[in-house]
Amino acid sequence: MGRIKKKGESGIAVKYITRNKAVKKLQISLFDFRRLSFYKKIKRALAKKQTEYAKDLKSRAPKYTLDHLVKERYPSFVDALRDLDDALSMVFLLATMPPAGKMSCFSCGRMPAT
C-alpha cells in the first residue's frame with residue numbers, strides 16, 4: 001500500500017498563493033496588482049480572438065485621474081495662485097532681461113552659428 005497524501009502537500013494546493021502574498025512578493029501596491037490582473041484579462045481575450053469581449057472589457061476599464069495629486073500639492077486655491085504667480089514672475093523676468101551676446105553650448109563648448 002502507498003503512502004497516504006496529506007492535504008496541502010501536493011497538487012494545486014501547493015501552488016496556490018494568496019493575493020496579499022503575491023503583492024508582497026512582487027513588491028507592488030494593491031492598486032497596481034489589480035490593474036495588472038485587469039490587463040491580463042484583456043490580453044487573454046485578445047489571444048483567444050474574443051474581440052467583442054476585449055472591447056467590452058476596455059470600455060469598462062477604470063479611469064485613472066491625477067486629481068488627488070493636485071489636491072495634495074495645492075490644498076487651497078490661494079496656494080495654487082501663489083505658485084502660479086511665482087512661475088509667471090520668473091517668465092516675466094527672463095523675458096525682460098537683455099540678451100547676453102554670444103553664448104557657448106554647455107555640452108560641447110562650441111559657439112552657436114549666427
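User: Is Q27 buried or exposed, given its relative accessibility?
Analyst: This is a predicted model, in which local features need pLDDT of at least 70 and side-chain atom pairs count only at pLDDT 80 or more, whereas totals for chains, interfaces and linings use all residues. Residues are numbered from 1 along each chain as its sequence is written, and side-chain values use heavy atoms, with hydrogens and water left out. With a 1.4 Å probe and protein chains only, buried means under 20% relative accessible area, exposed over 50%, and partly exposed in between. Because the relative accessibility of Q27 is 71%, this residue counts as exposed.

User: Where is Q27 found, and what is its phi?
Analyst: Helices are DSSP runs of H or I with at least four residues, strands are runs of E with at least two, and the elements are numbered from the N terminus. Q27 is found in the loop between α2 (19-26) and α3 (30-47). Most residues other than glycine have a negative phi. Q27 is not a glycine, yet its phi is positive, at about 60°.

User: How are α3 and α4 oriented relative to each other?
Analyst: Contact means heavy atoms within 4.5 Å, and by this criterion F38, K41, I42, A45 and L46 in α3 meet Y53, A54, L57 and K58 in α4. Axes are lines fitted to C-alpha atoms, for helices over the stretch in contact, with angles running from 0 to 180 degrees between N-to-C directions; here the angle is about 160° and the axes are 8 Å apart. Since angles over 145 degrees count as roughly antiparallel, α3 and α4 are roughly antiparallel.

User: Which geometry does the aromatic pair of F38 and Y39 adopt?
Analyst: Rings of Phe, Tyr and Trp (its six-membered ring) pair if their centres lie within 6.5 Å, and planes under 30 degrees apart count as stacked, over 60 as edge-to-face and the rest as tilted. The structure holds one such pair, in which F38 is buried at 17% relative accessible area, whereas Y39 is partly exposed at 42%. The centres of the F38 and Y39 rings lie 5.8 Å apart and their planes are at 75°, so that by the cut-off the pair is edge-to-face.

User: What percentage of the residues of the protein chain count as buried?
Analyst: The protein chain has six helices and zero strands. Of its 114 residues, the share that count as buried is 8%.

Definitions and conventions:
Angles under 35 degrees count as roughly parallel, over 145 as roughly antiparallel, 65 to 115 as roughly perpendicular and the rest as oblique.
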